[in-house]
Amino acid sequence: MSRPVILLTGASRGLGAAAAREAAAQGCDLVINARNAERLEAVAEACRAYGAAVITVPGDIGDAHTAQAAVEAARAHFGRLDALIHNAGVLPPIAPIAQADLDAWEQAWRVNFFAAVALLRAALPILRESRGRVVLVSSGAAIHPYPTWGAYCTAKAALNHLAAVLAAEEPQVTALAFRPGVVDTDMQAQIREQGAGVMPPKLHAKFIAYQQQGRLEAPEVVARPLIAAALRAPHAWSGHFVAYYDEEVQALLKDHP
Ligand SMILES: NC(=O)c1ccc[n+]([C@@H]2O[C@H](COP(=O)([O-])OP(=O)(O)OC[C@H]3O[C@@H](n4cnc5c(N)ncnc54)[C@H](OP(=O)(O)O)[C@@H]3O)[C@@H](O)[C@H]2O)c1
């Protein structure tokens, strides 16, 4: 059987970098994207050490040309695509709606949401062929209205519904929105640093406490169920919003070291 091919965005650091390494360790080949070409190449090298073939497509995924190029790379180099994971995400602008900077909102939506649409438009023909899976990395913020996180919360809520509409439209693919929990990455550092004095104090204190109490999950811990979902989620889940800690999601890890 040929090796599964995964296209993964936001793979230069954080959850995406851990997911790339996990996929490689699980015997997948990869197309990976992020803006920082040097860091992306370092992740690619780590994946190649597991025997994976890895193509890097550096660039802003908010630009539809980058999304198109990433899918083209999968088609040209591997001739197939088994899973698309849109993991790239940005939190800012952190500000109340009353002070919304529309350009900043649009930029956030480009990366968090429109990139997924551009990736899907390009990838659906080959995903149908492989009866592949789509995992849109979402957030608890999709269902919790955190003050000052309007751009992020709304884009993640839209991603959840995108997975649902996709499931209704595309019977040959399995589409999920995925909740990674609270992960020890740069995004959490950004909340602690840039959220001070802007986020409501109680909400900001909650995120400080996550770190102080050691409640942030290591990216590697969340990467395992993320890749398991991308490779093995049953079609019956299509359209659902699943969390990494859900029992059914954790059950996908059984028998897979
Ligand atoms: N950390 C958490 O607690 C948490 C909780 C819920 C949901 N999430 C979600 O999980 C996903 C991964 O987050 P993370 O915590 O790993 O964040 P992170 O450490 O900030 O990493 C974000 C990744 O996205 C890439 N990225 C950002 N803007 C991009 C752009 N315009 N084009 C291409 N790539 C871009 C970054 O690479 P470059 O800078 O090199 O482009 C990086 O690889 C995100 O969708 C996030 O919303 C995280």
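Author: Thr 185 is buried, because 20 other C-beta atoms lie within 10 Å of its own, and 20 or more is what the term requires. The model is a predicted one, and what follows should be read with that in mind. Thr 185 sits in the loop between strand 6 (174–179) and helix 6. If its neighbours within four places in sequence are set aside, Thr 185 is in contact with Gly 14, Leu 15 and Pro 219. By contrast, the C-alpha atom of Ala 251, which is 66 residues from Thr 185 along the chain, is separated from that of Thr 185 by 25 Å.

The strands come next. In strand 4 (83–86), Ala 83 and Ile 85 point one way while Leu 84 and His 86 point the other way, yet all of them are buried. In a regular strand the side chains alternate between the two faces of the sheet. Strand 4 runs parallel to strand 1 (5–9), to which three bridges join it, and Ile 6 has Ala 83 as its bridge partner in strand 4. Strand 4 is also joined to strand 5 (133–137) by four bridges, again in a parallel arrangement, and here the bridge partner of Ala 83 is Arg 133.

Helix 3 (residues 64–78) deserves a careful reading. Its 15 residues should span 21 Å at 1.5 Å a residue, and because its end C-alpha atoms are 21 Å apart, the two values agree. Its buried residues are Thr 66, Ala 67, Ala 70, Val 71, Ala 74 and Phe 78. An α-helix has 3.6 residues a turn, so residues three or four places apart point the same way. The buried residues of helix 3 pack against strand 1, strand 2 (29–33) and helix 4, whereas His 65 and Ala 76, on the other side of helix 3, are exposed. Gly 79, which follows helix 3, has a positive phi near 70°.

Pro 92 and Pro 93 are joined by a cis peptide bond whose omega is about 10°, and Pro 93 belongs to the loop between strand 4 and helix 4 (102–130). Arg 131, in the loop between helix 4 and strand 5, has a positive phi near 50° although it is not a glycine. Because Arg 131 has 12 C-beta neighbours inside 10 Å, it counts as exposed. Thr 148, found in the loop between strand 5 and helix 5 (150–169), is another residue other than glycine with a positive phi, in this case near 80°. With 19 other C-beta atoms within 10 Å, Thr 148 is partly exposed, because a buried residue needs 20 or more.

Key:
Residues are numbered from 1 along each chain as its sequence is written. Helices (H or I, at least four residues) and strands (E, at least two) are DSSP runs, numbered from the N terminus. The expected span of a helix is 1.5 Å times one less than its number of residues. Two residues are in contact if their C-beta atoms, placed from the backbone, lie within 7 Å. Two strands pair if DSSP finds at least two bridges between them.
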